[in-house]
Amino acid sequence: MIDDVTDRTGPSPITSDELAGELRPLLATGLIAFDVDGVLAPIVDHADDARLGDGVEALLSRLAAQACVAVVSGRSLRSLRELFALPERVHVIGSHGLESGDAAPLRLDAAEERTLAELAALGAVAVLTAGEGAWLERKPASVVLHTRLADPELGRSATEQLLEASARVPGAHVKPGHSVVELLARSTTKGHALLTLADNLGRRPIAFLGDDITDEEAFAMLGHDDVTVRVGGGESCARFRIADPAAVTALLHKLVAPA
Ligand SMILES: [Mg+2]
């Protein structure tokens, strides 16, 4: 049974079947957007080992043939293209909105380049502090400290030190995540990216499914007519909650099936 969607205690649990019913009216004029990791691709220990769930590539391709579909990820465009076989018709937004497959490549100005270099140096120190299992990902406008495979205590203290040090770097922006912390040389949110994409495409309303802390920024920016869905547990300001990436795959099956 679905709870009252105005309930302020959190998102209403919803099945894949019920969510397909919510999203079907959006196929004609809306934008259906997904975060990738933890939504279309099960979470894995090392980000480079992530792959789309079984059948997801074909399902996305079929969905994109009948609707406007986007993925909005914190990953760089390069990582998205290298790891995931995303169908050509799917609009791809990377780096939390700083990179778009539909736009010119991202270029930092001189001040942003300096900020990024300082952040990379701090990140390298943090990897040493966090020890074995920790690693630093470099993206066009950010660096990301990954501590999922590090000793939890060392990972935590490295993260704390990194946050403290980066707060003194002019122009630095921070995005915390699950066992990751990202330091950016330019501010961005997935919500802004989604709204801009929807404007450019002339599509409304927007549906967005995400599982990250950064996805909450998008949920908060979307309006009453939009459909926001948190995948998995954790506090959220989304309207609905579904269980896991397998439930998202089930949703895709329902959406592409004849009504
Ligand atoms: Mg995610």
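Guide: Start with strand 2 (residues 31-34) and strand 3 (residues 68-72), which run parallel and are joined by four bridges. This is a predicted model: local features need pLDDT of at least 70 and side-chain atom pairs count only at pLDDT 80 or more, while totals for chains, interfaces and linings use all residues. Residues are numbered from 1 along each chain as its sequence is written, and side-chain values use heavy atoms, with hydrogens and water left out.

Visitor: What makes strand 2 and strand 3 a pair?

Guide: Two strands pair if DSSP finds at least two bridges between them. Strand 2 and strand 3 have four bridges, so they count as paired. L31 stands opposite C68, and I32 stands opposite V69. A strand here is a DSSP run of E with at least two residues; a helix is a run of H or I with at least four; both are numbered from the N terminus.

Visitor: Why is strand 3 called mostly covered?

Guide: Buried means under 20% relative accessible area, exposed over 50%, and partly exposed in between (1.4 Å probe, protein chains only). Five of the five residues of strand 3 are buried. C68, A70 and V72 point one way, V69 and V71 the other way, and all are buried.

Visitor: How do you know that R203 has no salt bridge?

Guide: A salt bridge needs a side-chain nitrogen of Lys or Arg within 4 Å of a carboxyl oxygen of Asp or Glu. Lys and Arg count as positive, Asp and Glu as negative; His and the chain ends are not counted. For R203, the nearest side chain of opposite charge is D226, 11 Å away. R203 is buried and without a salt bridge.

Visitor: What does the side chain of R203 reach?

Guide: The backbone oxygen of L27, at 3.2 Å. A polar contact is a pair of N or O atoms within 3.5 Å; within protein, one must be able to donate a hydrogen and the other to accept it, and residues adjacent in sequence count only if both atoms are side-chain atoms. R203 lies in the loop between helix 6 (190-201) and strand 10. Leaving aside neighbours within four places in sequence, R203 is in contact (heavy atoms within 4.5 Å) with residues including L31, C68 and A198.

Visitor: Why is R239 called partly exposed?

Guide: R239 has a relative accessible area of 24%, so it falls between the buried and exposed limits. R239 sits in the loop between strand 11 and strand 12 (240-242). Its side chain reaches the backbone oxygen of D226 at 2.9 Å.

Visitor: What makes strand 6 and strand 8 edge strands?

Guide: Another open sheet has four strands in the order 6-7-9-8, with antiparallel pairing. Strand 6 (135-139) and strand 8 (173-176) each have a single partner strand, so one side of each is left without a neighbour in the sheet.

Visitor: How many bridges does strand 9 make with strand 7 and with strand 8?

Guide: Five bridges join strand 7 to strand 9, and four join strand 8 to strand 9 (residues 180-184). S142 has L184 as its bridge partner; K175 has E182. Four of the five residues of strand 9 are buried, so this strand is largely enclosed by the rest of the structure.
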